[in-house]
Amino acid sequence: MKRREALVKLFEECGSGKPLAQLHSQTLKSGFSKDTFFATKLIALYSKHESVGYARKVFDETPERSVHMYNAALRSYCREKQWEETMFMFRKMLSERKPDNFTVSIALKACAGLRAIGDGRVVHGFVMRNEEIASDVFVGSALVEFYSKCGKMGEALKVFEGLSQPDVFLWTNMVTGYEQNGNAVEALEFLSQMVTFAQVKPERVTLVSAVSACAQISSFRLGSCVHGVAVRNGFDSDLCLLNSLINLYAKTGSIRTATRLFWKMPEKDVISWSSMIACYTHNGDVLEALNLFEEMIDRGVEPNSVAVTNALQACAGACNLDEGKKIHKLTTRKGFELEVAVATALIDMYMKCSAPQEAVDLFKRMPKKDVVSWIAMLSGYAQNGMAYKSMGIFRNMLLDGTQPDAVSVVKILAACSELGNLQQALCIHAYVIQTGFKDNIFVRASLIELYSKCGSIDNAVRLFEGMVYKDVVIWSAMIAGYGIHGQGGEALKVFDDMVKHSAVTPNDVTFTSVLSACSHSGLVVEGLGIFSMMLHQYQLKPRPEHYGILVDLLGRTGELDKAMEIVERMPKPAEPHVWGALLGACRIHNNVKLGEVVAKRLLELEPDDAGYYVLLSNIYAMDDKWENVSNLRTSIREKGLKKIFGQSLVEAGSEIHSFVAGDRFHPEFG
């Protein structure tokens, strides 16, 4: 008896794997090799400090196995997420011992891990035949988690409602289940019932799930309420919860709130920094994102692949190739350059920074590619004026066995629209129908745009009129299509039909489309009326592109002073494309004086764009100011600037070839 007590004490003091082998040896020497109590202890210790294999060996060598011993072995497999082995042992147990509530909870966790709805329902049936187990809240919690992970929230709710006194874990599993299944509103309603009616104090996991639910529906107001609940319950310093809140505020565009919260955090981990960098990047403040990434490095915080990916997206947004190359070197040193997400972000950055060759080189070195990687290459070629190469990438992607999703199909259609090839458009449309994407709203809108840009407005109209359900994206695409074809009157009719005879409210993209249509057709009065409607009737804040189109609209009709007045009254400094539209108008209407003023402002913003120098030179030439023309041409040569040449495309067989005037570099030339 004393020997047993001494051995029990030794087991209690065993806190690591080092003396475990000696302890096991001592158990055998003491004659307790078949003792289920010590076997259970050994299984638990081996699985925790050594391996599941050692634990299984002890299990197999013990002839009589108790329920506790089975539970220890099941728990060891479950901890390692070896779900199949867990279920195999559970079935083995059923032939020897009657499971208890702990056994059932472990088996349900394995069923959840496998998404084995049939096995889980069998376990649930066993639970219902045992009143004591059925009333156990831990079993109830495991059932709710199982049904949630299998996407069966209706059955999870039935289990929840069948328990008389659900505890905080049950409430949390319901909130988390709804959130993870995309039912954000139901998740928040459950939280409200939990706190208000049941008066159960939420725990950290409950609030993290609730914050994620708020992020799903982009609700700043509800997120702030959950934040308040967190503060009142003493979770205002919890790192995981604060990181979730930063992510919420980022997704709702609340940069100031996110920034205040970030700098008030008592401690920050790499997820905190990554979330804040993502907040700046996705809300357009890319320079601040890059500054924060640099500060993170300076403070000695080791960046992970997520932080690097967010920083690369900021480089892409800022067109900062130098910083992008520095981060590329960092990814190489850290060893995650060729991880799919990081490599894809690098490809996107190089393409958006007009360095396609670097993107191609990296793409070729990637050992594994997903659909996003292929689409980054495809879109990148289109962005760099090489849409003819995009179709080759699409073909190679399909040959590789990678199937596009709806987002990818939209990008493919956008690239195809840059080619303006109607035959190719018809082939891509057939592919869309064949693969089942024809009912996706965004794909339909892209098809309308594709046909419009390929010169077939009739096909675009047929598509539009054949749609029963039209949302704002579809209406906007059709308006833009008429605008591309210079049919401003038809675009205005569609806009009028949308406003007066549908339940759809125009957004800023719709107004961009209709204003552009007015500009292309010289409908100045109508365009000004539309701009006024956007401001006063729909109370939409004009974006830079709206001002740019308005300036272009006035410029086309010679109202240059009005256009200049609008530029100077813009709430933010005008971007280069706005000044460029005005400079183009100065050339059309031979206004040298204003052209010089506009060109000066434009070249301050983009001193390396040869096109603007050439445009000003042409204005001087029209006014016979040849000395100024000569000075400008000299300046272009000294700066080493080159004007981008227009390209022509020809389709030969299944290949599309690009060339410029006098091009002698084609491999088949001569």
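**Aromatic pairs**

I searched the whole structure, which is a predicted model, for aromatic pairs and found 15. I described each by two values, since a pair of aromatic rings is given by the distance of the centres and the angle of the planes.

I looked up Phe220 and Tyr249 to begin with. Their ring centres lie 5.6 Å apart and their planes meet at 55°, so I noted the pair as tilted. The class follows because edge-to-face needs planes over 60 degrees apart and stacked needs them under 30. Phe220 belongs to helix H15, residues 220-232, and Tyr249 to helix H16, residues 239-251, so this pair ties together parts 29 residues apart in sequence.

Tyr249 has a relative accessible area of 2% and is buried.

I then turned to Phe394 and Tyr431. With centres 5.4 Å apart and planes at 85°, this pair is edge-to-face, because the angle is over 60 degrees. Phe394 sits in helix H25 (residues 387-399) and Tyr431 in helix H27 (residues 422-434), so I recorded a link between distant parts of the chain, 37 residues apart. Phe394 and Tyr431 are both buried.

I also found a cluster in which ring pairs link Phe160, Trp171, Tyr178 and Phe190.

**Charges over rings**

Which residue lies over the face of Phe262? I found Lys268 there, 5.2 Å from the ring centre. I noted a second case at Trp475, where the charged end of Lys470 sits over the ring at 5.9 Å from its centre.

**Largest pocket**

I looked next for open space. Rolling a probe the size of a water molecule over the atoms shows where empty space is left.

The largest pocket has a volume of about 490 Å³. I counted 23 lining residues, and the closest to the centre are Gln313, Asp348, Lys352, Val372 and Lys411.

Which helices each supply at least two residues of this lining? I listed H18 (270-282), H20 (305-318), H22 (340-352), H24 (371-383) and H26 (406-419). H22 provides the largest share, six residues. By type, I sorted the lining into nine nonpolar, nine polar and five charged residues.

**Second largest pocket**

The second largest pocket holds about 360 Å³ of space. It is lined by 15 residues, of which Ser105, Ile106, Lys109, Phe138 and Ala142 are the closest to the centre. Two or more lining residues come from each of helix H5 (67-79), helix H7 (101-114), helix H10 (137-149) and helix H12 (168-180). H7 gives the most, five residues. I sorted this lining into six nonpolar, four polar and five charged residues.

Ser244 has 13% relative accessibility and counts as buried, because the cut-off for buried is under 20%. Setting aside residues up to four places away in sequence, I noted that Ser244 touches Val208 and Val211.

Where does Pro367 lie? I placed Pro367 in the loop between helix H23 (356-365) and H24. Pro367 has a relative accessible area of 69% and is exposed, because that value is over 50%. I also checked Pro367 against Glu339: they are 28 residues apart along the chain, and their C-alpha atoms are separated by 8.8 Å.

Trp374 took me into helix H24, one of the helices that line the largest pocket. Trp374 is buried, with a relative accessible area of 7%. From Trp374 to Ile393 I noted 7.1 Å, C-alpha to C-alpha, and 19 residues in sequence. Leaving out neighbours within four places in sequence, I listed the contacts of Trp374 as Phe363, Lys369, Ile393, Asn396, Met397, Asp400 and Thr402.

**Whole chain**

I ended with the totals. The protein chain has 39 helices and two strands. Of its 670 residues, 48% are buried. I also looked up contacts between residues at least 6 apart in sequence, and 60% of these join residues at least 24 apart.

Note on methods:
Residues numbered from 1 in each chain as written. Predicted model: local features only at pLDDT ≥ 70, side-chain atom pairs only at ≥ 80, totals over all residues. Heavy atoms only, no water. 1 Å grid on protein atoms, 1.4 Å probe; cavity = no way out; pocket = protein on both sides within 12 Å on 5 of 7 lines; lining within 4 Å. Points joined across faces, edges and corners; volume = space filled by probe spheres on them. Helix = DSSP H or I, 4+ residues; strand = E, 2+ residues; numbered from the N terminus. Nonpolar A, V, L, I, M, F, W, Y, C, P; charged D, E, K, R; others polar. Phe/Tyr/Trp six-rings, centres within 6.5 Å; stacked < 30°, edge-to-face > 60°. Buried < 20%, exposed > 50% of the residue type's maximum accessible area, 1.4 Å probe, protein only. Lys NZ or Arg CZ within 6 Å of the ring centre and 35° of its normal. Contact = heavy atoms within 4.5 Å.
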